[in-house]
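Grab a pencil and work through these exercises with the structure open beside you. Try each task before you read its solution.

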Amino acid sequence: MYSNQEDAKTIGRRWFLEQCGVGLGAAALTSLCADASTNPLAPKQPHHAAKAKRVIYLFMAGAPSHLEMFDYKPQLAKFDGTLPPADLLKGYRAAFINPNSKLLGPKFKFAKHGQNGAELSELLPHLATVVDDIAILKGMQTDAFNHAPAQILMNTGSQQFGRPSMGAWSTYGLGAETQDLPAFVVFSSGKKGPSGGNSCWGSGFLPTVHQGVQFRGSGDPVLYLSNPKGVDAELQRDSLDAVQKLNQMRLDTVGDPEIATRISSFEMAYRMQTSAPELMDISKEPKHVLEMYGAEPGKPSFANNCLLARRLVERGVRFVQLFHEAWDQHGSLVKDIKINCQDTDQACAALVKDLKQRGMLEDTLVIWGGEFGRTPMVQGGSDGRDHHPNAFTMWLAGGGVKPGMVMGESDELGFNVVKEKVHVHDLHATILHLLGFDHTKLTYKFQGRNYRLTDVAGEIVQQMLA
Amino acid sequence: MLKRFLTWAGFLGSLWAQAPVDFIRDIQPVFEKSCLSCHGSKLQMGGLRLDSSVLAAKSIQAGNAADSTLFQRVAGIGEQARMPMGGKPLNPVQIAAIKAWITEGAKWPEAASAKTAEIKKHWAYIAPVRPALPAVSKKDWVRNPVDRFVLARLDQESLTPSPEADKVTLLRRASLDLIGLPPTPAEVDSFLADKSKNAYEKQIDRLLKSPHYGERWGRHWLDVARYADSDGFEKDKQRSVWFYRDYVINALNRDLPYNQFLVEQLAGDLLPNATQDQMVATGFLRNSMINEEGGVDPEQFRMEAMFDRMDAIGKSMLGLTIGCAQCHNHKFDPLQQEEYYRMFAFLNNTHESNLSVYSPADQQKRAEIFRKTREIEAELRHRSPDWAERMVRWEGTVKNDQPEWQVIRPEVDDISTGGQKYALMPDGSFLAAGYAPTKHTAKFTVKTDLKRVGGFRLELLNDPNLPQNGPGRSTKGTGALTEFTVEARASQSKDKTQAVKIVRASADVNLPEKELDAAYFDKTKKRRVTGPIEFAIDGKDETAWGMDSGPGRRNVPRKAVFVPEVPVENEGGSELTIYLSQKAGGWNSDDNQNHNLGRMRLSVTAAVDPKADPLPANVRQILSVNAAQRSPAQTAVLFSYWRTTIPEWKASNDEIDTLWAAHPEGSSQLILSQRNEMRRTNILMRGDFLTPLKAVEPGVPSYLNPLPKSDGAPDRLTFARWIADRNAPTTARAVVNRTWQQYFGTGIVATSEDLGKQADTPSHAELLDWLAVDFMEQGWSMKKLHKSIVTSATYRQSSNVSAELLAKDPYNRLLARGSRIRVEGEIVRDITLAASGLLNETVGGPSVYAPAPEFIFQPPVSYGPKIWNEEKGAARYRRALYTFRYRSVPYPMLQNFDTPNGDVSCVRRSRSNTPLQALTTLNEPLFLEAARALAAKTLAEGGKTDESKLRFVVRRCIARDPNDGESATLLRLLAKQRNRYEAGGLSAAELVEGTTSAHPKELAAWTTVARVLLNLDETITKE
């Protein structure tokens, strides 16, 4: 693994000089350079054989309540309306509430599903049908309890801004399998954008080519993808040919290989103009697939984005991240979490099913989760929960994760993890492991030291591995 | 702890049975395998070397393993991290061997020890001295000392410099480098025509005098200063900081010495008689992000901002990575964690303030108001010679007319929306901070011993941490009180609290009824107003007591008194619950729409039917000073108030009010101001503000220059002067290195953010020192530094490169050629605008909303809806550095060209070359608009023939003439487009929509040509 961008370029340029020579015809040059190491996104081998070749991360921004969805606590129901034990609250900081607030019992019914009898609430009827294909982690834990810092931590391994996101690390380590689409694609749906903003998918100190590219479910999927008004396909091609020809002439004169890269960037852009709209057109999907997801062509939704995520990874996109922000239920918990689950449950389950049916689940890692959990204590009257970092639930599927597994346990109130704790850094270490990396060795030198996604922490969760 | 240690140590002892320990057999292999990569000849983390007995000695107490840090650290005893750091712990046998070896006296055979007795000080920690100029092969090539160093290195490598670039290339290069704009064809012609020997130098002088110089180099500093127009984090609200941006531009344009530039940005507020500019300069430190999402602990994010400031100072000013020491001693550099927090302590005594700032014209207006007010007042005194006696009589009547008030210190709770936090201040007031809900009710509960409560007083106070000094939290520092209600019950009672009926209210400000500003629109159709204090007791949510008495006079303390119908009387005292309803804000709590009270204090009195003291707090304060001891300024303040109470002076009072009504609104700017009371600074365990370890005093790292002398105790100004000191080893090196980087693509030290031990080896170490010393000796003049570089023969080389040279030196570190670099994102846009003739060259002013797709500023792309009123007029075409910058939603065109978003300090941009860039220049609307405008300009000014037009349009983009091959290609494209438009195969009207050309087809055909040219690699590249 090369330690920085300059090294990558050196290799690329050397290759360019040896293989391409200077002064090749434009056509030959583009075909030669498009797939070669002049491109920092050219495919690369990880440290060991990867189980997961690509990732779809369903980020439930705002932080869903583990207590209403995954982590059934009969004791919490029993102690509903009473104050939590004082020693539990020692040193505990809450965002909004006085920590010494009354306990609030779970608001939904739970039942056992699948062969291992995983408990899920009635909010997740669709997920229940694939529960044997997913691994549920009930012992998640994080350090931050405000949205933006916690989202940044979950995505970049640090609460401080300026670090690369997981998607950026993935494409930095693995490159891209397609040159026709961005390697790291991001969608947003729901009521709001993610609190962490652009930095949730930023490249941090990695070269900017690794940052996530935002796609939109309708209109131009990528900004500036369509030709401007008055420019038809022929004019675009003619213009491009002229640009390329002039660039080639300049390359012949001045010899700067950066011009060769520019030539190939323009060709890739041109190809993206065709491939991206084709990709976004879900109307060609069979009816039963659309129905399975609950997707409706032309109507942007989380469901559409899930289907698009599948189409993207099919076409070689390395990392797709869907942000759905609406889970911050300080109040109106019952009503709003129901809406959220209606908007997402079916599509999440469909994605797992669909990937499995296509034989892609094996090497596609699906991750579902928010930035933290919710308090067992009530906020407001009787219908809300505050932010809670000590214990929450996530699930993963495919990509070398043991299917049908439930791991980790919180205490009787769902307050602290008591068994098989998985910290954010551990999750990151495990995800990188599945992608073929030793998380301590996927590094980038910056500011005089080697940085990594897991910083100075992270243990691989062996138990999760298939 | 001790018990665990004893057991563990005992256990280890038992593991090592075979005595005695042999260093070479038992210990050295362990060091070699597990320790020397960090504590060996190459690296000496923490100053420790375990291949030398002398340099290992500090970690070993022979005979006493328990007290030896070597043993403690490998055994994982004590609070510090276990060694090997980040690696597998040694196995118990190895640990036991080390223990036994130390216990037996730590015998270390001389032959097995490296001979180095001291650790060499890293070059960057020694202040630079001017090196001698090296001997070189081709003296005639050398134009200035820079070239001597470069050529000496080329000589070593047996390389020869490239020939000088042609004049057109050179002028375009220098223009892009110095002002970030391409030369106009007229400038090119004038340079070509100038055959004088110093023709080039004249151009350089012209460019350095251009106001655009400050814009181009200012943008680089703004990267370093992590400038952005929004707060960052979730809310990412707009902030007003463009005065700081303009300060940077102006400082560079007037060539403010760099050392002074640094001092002003770190401590401008502490300079004697600080000017507005010097206050604004402290915005550098305030460029940190602010998190006001619901539920934050304001102190946590103040600390985050402090860490960010340290990081920015480290990277940008010191050129050193210091952030590591936030959590632990620096692994590679000698920086100790304690030293980090000692530097931190210099910065830790500030208020996060927000100042009203005024343009020069506004400042004049203000001066005029002050002057005329003084004249009118002088005139009043002149007309009433007995004014002094009258004022004394008045003083006697008001001096003791206030009842006794008892400040109450309640528990406070936000009951409706929650999330706003309150800090209890020493005077019993509460300072609101963090999240600012736009509609909420704050609830205060308190017990009072007073048997009878006859009135309640609410004071609203100024605070340097509130916008414009408060007393409210709106962007203007104002607030509004919708309703004041009280409930009470007897102190020990379990009864339900009873509402206390408030029947009268008075206040020291009662403004006429006025509709709320548009900023507070709440999406209802209700008519919402502010007005006199009665509005706070009328039971209506649409009316509130307002206090905005206009610019220049609104940011003063206020008070209101509320009187119950029947006094609250309880023999054993009462429990009071006071509700401050504040509902005069807008609909969106994620934006700057709050209208909240900022710092408030509650009091109660036993007096019956009390009234609000009409005297302002500052007047009351002056009255408490003995008349004989009052300063003339204090007397003047007193007079200014007193005159308003004299009925027969109404005309003059009105005249003054009219003057003040014309007071300019000004702008605001985030700045720092000094706290009177020092904050205690602690070393924080792993940087966690909740885990302080030990208090530290301000100080600087021992391996850098000593603190300069200061008049009192060293403060932030001393710290600033320390950084800007002639003996500071890295300050000048860091800035000359970064400047070099901007010209040549890579710094002399490639890792420009870090000159420390982990830095890349300098390509020309002596040149770096020569430049640094020369820079300081030339008065820290940036312009002189630029001139040395751009007039060198090194800079003037052609950037054409042969395959051989490229293979030998792919990154041009040796500088056997000029550097060919794609310009920065802002300049990509500026070139396009300049070429098209659209560029609006206005320097400075508020940031602008350049064309951008509206949806990116709305959910679900953006967390909340953001303001983006796309400019319609000439402001569309301002230089890209004036584009409004939201941190969480960066401007797409700039983001695609690697412009950083200001989250953290950036001293070295990434430079990518991507398909998204191609899509941007091909299809982004403003690029097309520019292509159209360039085509129109070409048709209007490019002469009669296609050839002359082509020459015109090419020169506007790349300065040079097209060659035959290029002309042929472009003319072919032109011909084909004309044919298509003529044949009706393509609609010209669509491409030139919005223009009023008489020849739309011709305009469209040329637009195509212009678009191709604006997309060329060469157009956006400095060759």
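**Exercise 1. Place G844(B) in its chain and decide how exposed G844(B) is.**

Before you start, keep in mind that this is a predicted model.

Step 1: Find the helices on either side. G844(B) sits in the loop that runs between α27 (825-836) and α28 (892-896) of chain B.

Step 2: Count the neighbours. There are 17 other C-beta atoms within 10 Å of G844(B). A residue needs 20 or more to be buried and 12 or fewer to be exposed. The count of 17 falls in between, so G844(B) is partly exposed.

Step 3: Look for touching residues. Leaving out residues up to four places away in sequence, G844(B) touches D246(B) and I249(B).

Step 4: M685(B) and G844(B) are 159 residues apart in sequence, and their C-alpha atoms are 44 Å apart in space.

**Exercise 2. Check the span of helix α30 of chain B, and work out why this helix counts as largely enclosed.**

Step 1: Get the length. Helix α30 of chain B covers residues 925-941, which is 17 residues.

Step 2: Compare spans. From first C-alpha to last, α30(B) reaches 24 Å, close to the 24 Å expected at 1.5 Å a residue.

Step 3: Count the buried residues. In α30(B), 13 of the 17 residues are buried, so the rest of the structure largely encloses this helix.

Step 4: Peek past the end. Just after α30(B) comes G943(B), with a positive phi of about 90°.

**Exercise 3. Describe the overall build of chain A.**

Step 1: Tally the secondary structure. Chain A has 13 helices and 17 strands.

Step 2: Along its principal axes, the C-alpha trace of chain A spans about 80 × 50 × 40 Å.

Step 3: Look inside. Buried residues account for 62% of the 466 in chain A. Of the contacts in chain A between residues at least 6 apart in sequence, 76% join residues at least 24 apart.

**Exercise 4. Which element gives the largest share of the side of chain A that touches chain B?**

Step 1: Size up the contact. Here 69 residues of chain A meet 83 residues of chain B.

Step 2: α8(A) supplies the largest share of chain A's side, twelve residues.

Step 3: Sort by class. That side of chain A has 28 nonpolar, 26 polar and 15 charged residues.

How values were computed:
Residues are numbered from 1 along each chain as its sequence is written. Chains are lettered from A and ligands numbered from 1 in the order in which they are written. This is a predicted model: local features need pLDDT of at least 70, side-chain atom pairs count only at pLDDT 80 or more; totals for chains, interfaces and linings use all residues. Two residues are in contact if their C-beta atoms, placed from the backbone, lie within 7 Å. Helices (H or I, at least four residues) and strands (E, at least two) are DSSP runs, numbered from the N terminus. Ala, Val, Leu, Ile, Met, Phe, Trp, Tyr, Cys and Pro count as nonpolar, Asp, Glu, Lys and Arg as charged, and the others, Gly among them, as polar. The expected span of a helix is 1.5 Å times one less than its number of residues. The radius of gyration is taken over C-alpha atoms; the globule rule is 2.2 Å times the number of residues to the power 0.38.
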